[in-house]
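Hi everyone, thanks for making time.

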Amino acid sequence: MSEVTSEVAASGTALGLAVPKRRFRLASVLWKFARRKPLGAFSGLLLVLLVAGAVLSDVLPLAAWDVVDQSQRLQSPSFSHPLGTDQFGRDILSRVLRGARISLQVGLGGTVLGVSIATSLGVISGYRGGIVDNVIQRCVDVVQAIPPVILLIGIIAILGPSVLNVTLALAFRTSFESSRVARGAVVAIKDSPFVEAARVLGAGSGRIIFSHLLPNIFAPMIIIFTLNVGVNILSEAALSFLGYGVPPPEPSWGGMLSGQNRLYMISAPWLLIGPGVALTLTVYAVNMFGDALRDVLDPRMRGV
Amino acid sequence: MEPEQSYWQRFWTKKVTRRRLVTRSLMAGAGLAAVATVGCGDDDGGGTTTATATAGATTPGATSTPSPTPATGLPPFGGEAVLHTQFQFGDFNPFRSPFAPSIGGLGCTLDTPLEFGPLDFELRGRLLDSWEIVGDGSEILFDINPDAKWHNQAPVNARAVDAEDMALNITRYAGKVDPSEVRLASNMFGLDTADVVGDQLRLNMSTPSLSVLNGLAYYQMTVHPREVIEAEEAFTDPSKFVGSGAFVLDKYDNGVEAIFSRNPEYWRKDSLGQQLPYLDSVRFKWLSDPAAEKAAFESGDVDYIQMLDQLVRDEILTARPDTQVTSYLAWGSAFNFRFNTAKAPFSDARVRKAIHLALDYEDVINPILGSNWAYSGALSAALPEAIPSSEISQMPGWNPATKAQDLEQARSLMSDAGFPDGGISFSIMVITTQQTDEMAVTIQSLLKGIWPAMDVNVEVVEVADLSSRLGAGDFDSVVQFAPRLPDAALDLFNNYSTGGSLNWGAYSNSALDALIDDSLTAIDADGRSSAILQAEETILEELPVIWLGTVDLAQGWDPKIVGVQQLLGPGSTSSIADSHYHSSRYGIEA
Amino acid sequence: MLAFLLRRLLSLIPSILILLLFVVVLLRLLPGDVVDVMLKDFRASDLDRQVLEERLGIGDPIAVEYVDYVRGAATGDLGRSFWTQEPVLTVIFDHVSVTMELMLLALVFGTLTGIPLGVLSAVKQDTIADYALRSVSVLALSVPNFLLATAIVTLPAAYFGWSPPLFYTRFSDDPWAHFQHFLIPAAMLAPFLSASLMRMTRSMMLEVLNEDYVRTARAKGLPERLVVYRHSVKNALIPVVTLLGLHVAVLLSGAVVVEIIFGLPGLGKLLIDSLVQRDYPVIQGIAVVTGIFVMLTNLIVDASYRFLDPRIRLG
C-alpha cells in the first residue's frame with residue numbers, strides 16, 4: 001500500500017502532474033496512520049515541530065541565543081522569556097531551539113551515516129558468509145570490543161570537539177555496533193524458503209539483496225535506527241557531562257543540562273526544564289515514531 | 001622568634017570576641033575593598049551564627065562573648081571530622097607532585113618548615129624555629145624546633161626532626177637531586193645548597209633572597225623523614241608515609257577513604273599548653289562529582305564543603321541554614337586571562353590593553369562567583385605586598401563607573417594598533433572542569449558586542465592538551481584557574497619574568513625583569529616592597545596577563561566544628577587536610 | 001559445535017592483537033601525553049621532560065612499544081600505571097569487580113522487567129496497556145541518566161536532608177553497606193536496558209506471532225498461551241540475545257556517569273581518569289581485558305543462536 005503510494009507520488013512529482021490527487025492520497029495515508037497509530041502520529045508531529053523549530057530558529061522573532069546580558073540574569077519564565085534566562089542572561093527558548101539544530105545534526109546525521117554503514121557491512125557479511133563474513137565480523141568484534149568511552153573520547157580528543165567531530169565519532173560507534181544486528185537479521189532470513197526460492201529461480205546476489213533481504217531487514221534496521229537516534233542524542237549529552245560534548249557557546253541540549261547548570265536544580269530549575277524536556281521528548285518521539293513506522297511498513301504486517 | 005605564642009597569648013588575654021576577630025581578619029584579607037566589603041557583610045552574618053552556635057546561645061545575632069575560656073583550660077574537644085576531596089591522586093612523590101601529600105589527606109600527618117599565620121599572613125616558625133640572615137644574605141641559618149619529632153612508627157620511632165632531615169628535603173625540593181623534581185624548585189629561589197652546621201640548618205644562597213623564607217612556608221613543602229625519602233616506597237604506596245604532623249595515618253585506601261587518628265605525642269601545644277590536635281580522628285573520603293559533594297554536605301555525611309559557586313552556595317544555605325560559612329581571600333589560585341605575547345595580535349600591548357578596558361569584570365565573574373571575589377592587579381589580592389584591590393577597583397578598566405570612557409579609549413587603542421573595527425581573530429583556550437569555559441563565553445560575547453568584526457573562538461581542550469600547548473606556546477590566549485605563590489616576588493618572577501615557570505605567554509620585558517630581580521634579591525623589607533610595587537605598576541601598564549579576580553573562598557562547615565574561624569584568613573591554605581588546620585582550636589566540642 | 005568454539009577462541013588472539021594496535025595508535029594520536037599532565041603546572045624544560053620520559057620508560061617509537069607490550073602481555077604482565085606504579089592487572093581487577101557487580105545487578109533488574117513487559121506489550125498490541133507500557137519504558141530511556149542521577153542524589157538531600165549512599169565501602173569492611181550502595185545505581189541503569197529489551201522483544205514477538213509456523217500452531221488449535229510461549233518467545237529471542245550481548249559491552253564501560261555521580265570506583269571511572277591523565281598502560285589494560293570479555297560474550301551469543309534457532313548454521 002505505502003509502496004504504491006510513494007511510487008505514485010514520485011511519478012506525480014516527476015511529471016509535475018496530478019498534484020491534487022497526490023495531496024489527497026498523502027492526506028488520507030497520514031490520516032490512516034494517525035488512526036491506526038495515534039502515539040506514533042503524535043510522536044511524528046513532535047518531530048515535525050522539532051525540525052520546524054530547528055529550521056526556523058534563526059527566522060523566528062526570538063532573543064539572541066548567544067548574547068550575554070547581566071541585567072537579564074536568571075530570570076524565571078515570563079512573557080518576554082517563555083523558558084526563562086540562564087546565568088548569563090541568555091534566552092533559554094532561543095537556546096533550546098538552536099540546540100534542536102545541533103541535536104538533529106548529531107542525532108540524525110550521526111545515525112543516518114552510522115546505520116547506512118552498518119547495514120552495508122551487515123548485509124555483505126551476513127549474505128556472503130564464509131571468509132568475508134569472518135573478516136568483517138572480526139573487525140566488528142575488534143571495534144565493538146573497544147570500550148565506547150575510549151573510542152568516542154579518543155576520536156573527539158584527537159579531532160577536537162566540534163559539532164561535526166562529535167557527529168563523526170557517534171556515527172563511527174553506531175556503524176560498528178549496529179552491523180551485528182543487521183547481520184543477525186540477514187542470517188536469520190537468508191535461508192528462508194522465499195530467499196531460497198528466489199535463488200533457485202536464478203535471482204542474482206544484487207537482486208536477492210535489494211528485493212528480498214533489504215526489505216526484510218528493514219524492520220530491525222528501523223528499530224536500530226530510531227534506537228540509535230535516541231542513543232546518539234543521549235550520548236552527546238553524556239559526552240557533554242564528561243566535558244567532551246559540543247563546545248560552548250553552541251547550546252547543545254546535553255551541554256545545557258551538564259556543567260554547573262545541573263547543580264542549580266533547586267534554585268533555577270528552568271535552566272534544566274527547557275532543554276531537559278526537549279531532549280527527553282525528542283528521544284521519546286523518535287523511538288515511538290520508529291515503532292509505529294515499523295508496524296506499518298513491515299511487509300509481512302501488511303493487511304493484518 | 002615566637003610569633004605563634006605571642007599571637008595566641010594576645011588572643012586569649014585580650015579576650016577578643018570571636019566575632020570581632022572574624023570581622024577583623026576578613027577586613028584585613030579583603031584590604032577594605034569595596035567589593036569585598038559587601039562580601040564581608042555576608043560573612044559577618046555567617047560568623048555571628050557561628051559565634052552563637054559555639055557559645056550554645058539560642059538568641060540569633062547575639063554579640064555576647066564566645067564560650068568563656070576558663071583560666072584552667074578549654075572545654076573538652078574530640079570527635080571525628082569527615083572531610084572529602086574530588087582529586088584523584090597517582091603520584092605520591094612530594095617533590096614531583098606535591099598535590100598528593102598536601103591535598104590528598106596526608107597533609108595532616110605532615111608539617112612544613114615554616115608557615116604563615118592564617119589570619120595575619122605573618123611568617124612564623126614551624127619545624128624550623130627561628131632564622132638568622134648572615135651578612136649579605138648569602139647564608140641563612142635555621143634552628144630546628146627542639147620539640148619537633150616524628151611519629152612513633154617504624155622506621156623513625158619518634159626520633160627528633162633534625163637538620164639533616166631538613167637539608168635533604170630542601171635539597172630535593174630545589175630539584176638538586178633529580179631534575180624531574182622541579183615542581184617547587186622555584187620556591188627555593190637563589191638556593192645553592194642546604195647543609196648541616198652543628199645542629200643547625202644552613203642554606204647557602206647563590207643569590208641572596210628573602211623569598212626563600214616564604215617559599216619554605218608554602219603548604220605543599222611538606223617535610224618527610226630521610227628514611228622514608230630514601231626508601232622511596234611511600235612515593236608509590238601512601239600507607240608508607242610517616243610524618244611529624246598532628247595525625248597518624250591509620251589507613252590509606254587511595255580513591256576510597258583515608259583514616260587518620262590523633263597523634264597523642266604531637267609536638268605542638270596551643271597557647272595554654274593544651275596538647276594539639278583537638279580532633280580524635282579525621283576521615284577523608286573521595287567523591288567524584290560536585291552534585292554528590294553538595295548532597296553529602298546537605299545530608300550531613302561530610303562536615304565541610306567548598307562553595308565557590310554563588311548559586312550552589314545559596315542552595316546549600318537554604319537546605320542547611322545552620323551551616324557555618326567562612327570566607328577569605330585565597331592567595332592560592334585565581335582566574336586569569338593570559339595572552340600569548342609572542343604572537344600577533346597580542347604581541348601588541350595596545351591590543352591587550354584595549355581588551356582589558358573593554359571587559360566588564362563583574363559581568364565575567366559575577367555569574368560564577370557572585371560577589372565573592374576581589375579585583376586584583378598583577379598579584380593575588382590576598383598578598384600583603386600587592387596593590388590592594390580597593391585601589392585596583394578604582395583604576396581604568398576595572399572601575400565600573402568609568403566604563404563608558406574606558407570603552408572610548410579601548411576603541412582608539414585598537415585603532416592605533418591597526419584594527420579600527422577591532423577585526424582581530426583569536427581563540428580562547430579553556431578546559432571544561434573549572435567553569436573557565438563560562439568565563440570565556442562571556443568574554444567572547446562582550447568583545448563581539450563592542451567590536452562586531454572581532455572573531456573570538458572558544459576552544460575547549462583537555463588538561464594534557466592544555467599543558468602541552470601552553471608549554472609549546474601554541475595558543476592565542478587562555479582563561480584558566482591558575483596556581484599562585486605565597487610570595488609576591490616569587491609570583492612576579494614566575495608569572496612575568498622572561499622564561500618564568502608560569503609565564504606561558506612568553507612575555508619578556510627587560511626593564512620588568514630588572515625590577516623583579518630587585519624585588520627578589522632585596523634583603524631589606526622596604527627595598528623589596530618598593531621594587532614589588534614598581535614591578536606591579538609596570539605590569540598593569542603592559543598587561544601580559546589579565547587577572548580576572550581573586551577568589552574570596554567561601555566554605556561551609558558543619559556547625560559542630562569549632563574554631564575554623566581562627567584558622568581561615570588570607571594566610572590560609574585552601575587545603576583542609578593540611579595540619580595547619582589542626583594547629584589550634586579546630587575540633588568538635590565534646 | 002566444539003570445533004566452532006575452538007576456532008572462534010583461536011581467532012580471538014589476532015583480534016586482540018588488532019584491537020591493541022588500534023588502541024595504542026589511538027592513544028598516541030591524543031594531543032598531550034602523561035608527561036604534559038605531570039608537568040602541567042609549570043613550564044618544563046626539555047631536560048625535565050626527558051628525565052621524566054626516561055623514568056616512565058616512554059618515548060620509544062610506537063612499533064617498539066607495541067611489540068614490548070605484546071611480549072609482556074603474553075606473559076601476563078600488562079605493565080604498571082604511569083602514576084601509581086601499581087601493576088595494571090591489580091588496578092583493573094580492583095575496579096572491574098565494582099563494575100561487574102553493578103552490571104550484574106542492572107542486568108538482573110533489566111531482564112526481569114524488560115522481557116516479560118515486551119511479551120505482554122506484543123500480545124496486547126495497540127491496546128491502552130501496550131501504549132502505556134511502551135510510553136513509560138521509552139520515557140525512562142529518554143531521560144539523560146546523569147540528569148536523573150543528579151536529581152536522585154541532590155533533591156532528597158536538599159529537601160529531606162537524606163542522600164543515597166555516596167561513599168564507597170569495601171565488601172570486606174561492611175558487606176551490607178557495600179551492597180546497599182549498588183542498589184540505586186543499578187536500578188538507574190536497569191531501565192536503559194529493560195526499555196530497549198522490551199522494545200526489541202515486542203517487535204520480534206510481533207514479527208514471530210505473524211510467522212507461518214505460529215499461524216500453523218494457532219490453526220492446529222493450540223491454546224494462545226502455548227503459542228506465545230512455546231513457539232514465539234524462543235524465536236523472538238535471537239535479536240534480543242544480540243542486544244543483550246551489545247549491552248554487556250556498553251554497560252561495562254558505559255556506567256561511567258553513574259559511577260562518577262554515585263562515587264563507585266568502577267572501571268568506567270578508572271577509564272575516564274586514566275584518559276584524562278594519559279595513563280596509557282591502564283587504558284591499554286582496560287581495552288585488552290574488556291576486549292576479551294566482550295569477544296567472549298559475542299561468541300556465547302553466536303553459539304546461542306544455534307541453540308535458539310537450529311536452522312542457523314554456524315560458520
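Predicted model: local features only at pLDDT ≥ 70, side-chain atom pairs only at ≥ 80, totals over all residues.

Okay, let's begin inside chain B. Find helix H10 of chain B, residues 349-358, and helix H13 of chain B, residues 403-416; their axes come within 8 Å and cross at roughly 160°. So, going by that cut-off, H10(B) and H13(B) are roughly antiparallel to each other. As for handedness, H10(B) passes H13(B) in a left-handed crossing.

Which residues in H10(B) meet H13(B)? They are B:Arg350, B:Val351, B:Lys353, B:Ala354, B:Leu357 and B:Ala358. On the H13(B) side you'll find, among others, B:Asp406, B:Leu413 and B:Met414. By class, this contact has eight nonpolar, one polar and four charged residues.

Now let's move to where the chains touch. Between B and A, 24 residues of chain B are in contact with 20 residues of chain A. Several elements of chain B each give at least two residues to that side, including helix H8 (290-298) and strand S16 (455-460). The largest share, seven residues, comes from H14(B). Sorted by class, the side of chain B that touches chain A has nine nonpolar, eight polar and seven charged residues.

Last stop: 56 residues of chain A are in contact with 58 residues of chain C. Helices of chain A that each supply at least two residues there include H7 (163-190), H9 (205-242) and H11 (270-297). That side of chain A has 34 nonpolar, 12 polar and 10 charged residues.

How values were computed. Residues numbered from 1 in each chain as written. Chains lettered and ligands numbered in written order. Contact = placed C-beta atoms within 7 Å. Helix = DSSP H or I, 4+ residues; strand = E, 2+ residues; numbered from the N terminus. Nonpolar A, V, L, I, M, F, W, Y, C, P; charged D, E, K, R; others polar. Axes fitted to C-alpha atoms, helices over the stretch in contact; angles between N-to-C directions. Parallel < 35°, antiparallel > 145°, perpendicular 65-115°, else oblique. Left-handed = near helix turned anticlockwise from the far one by under 90°.
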